[in-house]
Amino acid sequence: MFQAASPPRFLPLSHWRLLRQAPARAWVAAGLLWLVLFGAFMGLFLSIAVDRQRQSFEEATRTMKTTIESRLKVCEMLVFGLSEIVGYHPTVREERIREYALEASRRYGFVYTLGYQPRITLEERPLFEAAQAGPDGEAFSIRDYLHDETHHWHNPLGWTRAGIRAVYLPWMMAEPPLPRAARAMHGLDLLHDTLTGPTVTRALKSSEIEVTPTFRLMNNQHGLGYVRAIYRGETAPSDPAIRSNDALGIVTLVVKLPGLLHPTEDKARQYDMAVTRYEGSPRREARPNRYDQLVYESRAPVHRTTLERWLLPRLETRVLVDVPYFPYELAVSQQLGFSVLSPVGPWLAMGLSTLISYFALLVSALHARHRRLRQRATDNLYLERGNATVILQAISDAVITFDNDFIVQYLNPAAARLLGHPFPQRAVGQPVGKLVVIHYDLPRQAMADPFTECLQRRSEVGLAENSFLILDGGQKLHIEGTVSPLFDRGQQMVGAVLTFRDTAPVRRRMLEALEASERRLRQHEVELARVARINSMGEMASGIAHEINQPLSAIMSYCEASLSLLEEDEPDLEMIGRALRSAVSQADRAGQIIHRLREFVARKTQQFVPVDVNHVVGNALILTEHDLRAQGVEVIDRTRTGLPLVYADTIQLEQVVLNLIRNALDAMQGVYPYGRLQVETGFNGERVFIRVRDNGSGIPPEEVCRIFDPFFSTKATGMGLGLTISQTIIESVGGTLKVSNNPEGGAEFSVELPPLKTSTFVHTQEFTAS
């Protein structure tokens with residue numbers, strides 16, 4: 001393991017402590033990972049740099065090709081300019097040509113010489129040769145040259161006097177002047193020379209610029225000749241046969257190919273360049289001669305190491321020069337070196353590799369620390385088993401462990417006490433089924449052995465609710481508990497543990513709580529029944545008002561009739577008596593109606609308090625829980641929490657919800673496969689709502705508008721007052737009760753109540769007080 005006295009300044013202390021815990025093999029693996037990553041990143045950066053350099057190389061090749069093509073176009077322009085001087089200034093021809101040639105050679109370094117070469121007939125030859133004799137009497141003649149394989153123009157045996165021909169085109173003028181050694185070429189018959197003759201012949205017939213094949217100059221450099229014919233008139237004759245005879249001579253331009261093809265200095269230092277004949281070209285003069293296979297070659301003055309040549313590619317390309325009379329191709333190559341890689345690349349590769357290797361080492365150190373922590377935790381676990389044993393001795397629940405053969409391995413003092421074993425050690429080694437014999441109160445079916453079931457299922461098994469033990473005195477001991485499997489460190493099951501407790505104290509507390517709850521429920525039902533009678537009486541009184549109005553109307557009629565009879569001169573006392581007796585009878589009838597209503601219910605003032613509608617719905621569901629379960633109705637509870645409170649009489653509001661639920665139960669009788677009751681509460685921003693929805697038969701559309709009318713009922717035994725009373729209760733607190741049919745079947749009743757506000761609270765108090 002790596003050790004050091006103090007951490008480096010660039011490392012956090014926590015990382016340094018963690019790295020010190022990393023094993024030696026983690027450090028070795030991190031070093032190897034760094035090497036692999038550094039190589040991968042360097043390869044990636046080199047690949048990117050090579051691609052970028054390849055693009056630069058292709059661009060440079062296009063630039064060199066364009067430069068050569070533009071220089072060839074310059075040569076053409078020089079020939080055209082020379083043709084104009086010769087054609088339009090015959091008197092000052094030589095002077096103007098000399099000035100033009102000097103300017104061209106000064107501006108363009110590839111210009112070797114320019115000149116005008118006259119056409120001489122056989123008759124003019126003697127006078128022409130005599131005129132060209134030297135001042136010291138040196139003879140001059142028009143000559144031919146027998147080209148050898150080297151074609152150096154230096155072999156004196158290759159020169160011979162030209163034979164008898166109808167026309168000659170001797171090379172006479174070269175501006176700027178050539179070196180003395182090159183003047184031996186003066187008098188060469190260009191028209192009949194094996195090298196230049198075909199090009200001159202084409203020039204005489206075409207009136208266009210023609211270019212010779214490449215040849216060696218007197219200085220052994222490659223050269224190229226441009227030729228254009230000059231005619232007597234301003235324009236060349238239209239007939240090609242006449243053009244040759246009408247020509248006065250030709251203008252010539254000789255260029256030095258090294259100067260013409262040499263790249264710029266920056267590219268010459270970077271790229272290897274060569275210009276060679278393109279063998280597959282269909283252009284004129286594509287036939288190679290003996291000396292122009294390699295026209296030009298330039299090598300970059302750089303030295304690449306063996307490693308660079310081994311790791312990095314050599315870029316090569318060949319492009320044709322896009323000039324018809326130049327049947328050569330440009331070959332450019334470059335051996336890449338490590339200089340193409342940016343200086344940032346190695347540092348970035350080193351940084352990324354170091355960062356990733358560093359985090360990998362941290363992860364390895366974390367794993368090592370976690371392994372040590374797990375081992376320490378395991379040791380602590382075994383140390384704490386003693387503490388667990390102490391705890392088992394002290395708890396009040398019985399704990400018994402047994403192995404896979406159902407043999408008891410341990411039982412705590414509470415188990416020995418409940419089972420009646422004064423010496424727990426004697427119970428160890430006995431079968432658990434013999435030590436703990438479980439019985440069941442009124443079992444409806446054969447009960448599986450929980451010990452066997454736990455070992456087979458390898459999961460926890462709970463004891464049945466009616467389980468009990470029989471103690472030595474014959475007393476029943478009702479118990480509850482579980483049987484849970486035990487596993488070792490390899491997740492192999494080694495047995496199970498039985499935990500149980502005496503449920504007698506719990507049962508007593510549960511019975512007491514249940515009795516208290518039942519008392520509250522009965523009291524609540526009594527209160528709801530009384531309120532139902534009160535509300536029913538109110539609606540019944542409103543509903544049977546027409547019955548009371550009938551006797552009152554009869555009393556009024558009888559009394560008015562009696563008054564009319566008394567106003568007569570001779571009143572009929574017997575008739576008046578019968579009318580008054582009838583009035584008394586009707587008054588007694590009305591009194592009987594009121595008396596019966598008073599006997600139906602006792603009067604009580606409404607008690608308005610802040611109410612949570614969720615509590616109201618919950619109480620109503622509790623009261624109808626038995627009926628819902630008996631009818632097999634599924635209850636969907638969609639009550640929402642956090643709703644605003646409403647101000648109402650709790651009992652009356654529960655009576656409304658209870659009435660809606662019971663109506664839904666009646667509507668869902670006989671629904672297949674089962675009824676579905678949905679109770680929903682919520683707040684729509686203005687009103688708190690309670691919705692009761694069923695999947696029953698629904699309400700006929702023609703009866704929806706009459707559903708809240710008094711004494712109207714869709715049930716054969718109904719009084720028709722439940723919904724009327726419910727609507728009255730809801731409207732008394734400022735709410736509304738609505739009904740609608742669901743598209744999928746059934747009906748929905750919606751209660752909307754105003755949320756609790758200060759103004760509502762004050763208004764309701766005043767209403768109650770009044």
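1. Which residues line the second largest cavity? In this predicted model, they are Thr 63, Met 64, Thr 67, Ile 68, Arg 71, Leu 261, His 262, Pro 263, Thr 264 and Lys 267. Helix 2 (residues 24-88) gives the largest share of this lining, 5 residues. By type, the lining residues are 4 nonpolar, 4 polar and 2 charged, and the cavity holds about 60 Å³ of space.

2. There are 5 cavities of 30 Å³ or more. The largest cavity has a volume of about 250 Å³. It is lined by 22 residues, of which Trp 171, Leu 190, Thr 196, Phe 215 and Val 254 are the closest to its centre. Strand 7 (215-216), strand 8 (222-231) and strand 9 (247-256) are the elements that give two or more residues to this lining. The lining of the largest cavity is made up of 17 nonpolar residues, 4 polar and 1 charged.

3. Elsewhere, an open sheet of 5 strands with mixed pairing runs in the order 22-24-25-27-26. Strand 22 (634-638) and strand 26 (736-741) are its edges, each pairing on one side only. On average, neighbouring strands of this sheet are turned by 15° against each other, direction ignored.

4. Arg 638 has Glu 680 in strand 24 as its bridge partner.

5. Two helices are placed against the sheet. Helix 18 (residues 613-623) lies across strand 22, strand 24, strand 25 (688-693) and strand 27 (747-753), and runs at about 165° to strand 24. Helix 21 (residues 722-732) touches strand 26 and strand 27, and its direction makes about 135° with that of strand 26.

How values were computed
Residues are numbered from 1 along each chain as its sequence is written. This is a predicted model: local features need pLDDT of at least 70, side-chain atom pairs count only at pLDDT 80 or more; totals for chains, interfaces and linings use all residues. Side-chain values use heavy atoms; hydrogens and water are left out. Two strands pair if DSSP finds at least two bridges between them. Helices (H or I, at least four residues) and strands (E, at least two) are DSSP runs, numbered from the N terminus. Axes are lines fitted to C-alpha atoms, for helices over the stretch in contact, and angles run from 0 to 180 degrees between N-to-C directions. Contact means heavy atoms within 4.5 Å. On a 1 Å grid over the protein atoms alone, a cavity is a set of points where a 1.4 Å probe fits but cannot get out, and a pocket is an open set with protein on both sides within 12 Å along at least five of seven lines; lining residues have an atom within 4 Å of a point. Grid points are joined across faces, edges and corners, and a volume is the space filled by probe spheres set on the points. Ala, Val, Leu, Ile, Met, Phe, Trp, Tyr, Cys and Pro count as nonpolar, Asp, Glu, Lys and Arg as charged, and the others, Gly among them, as polar.
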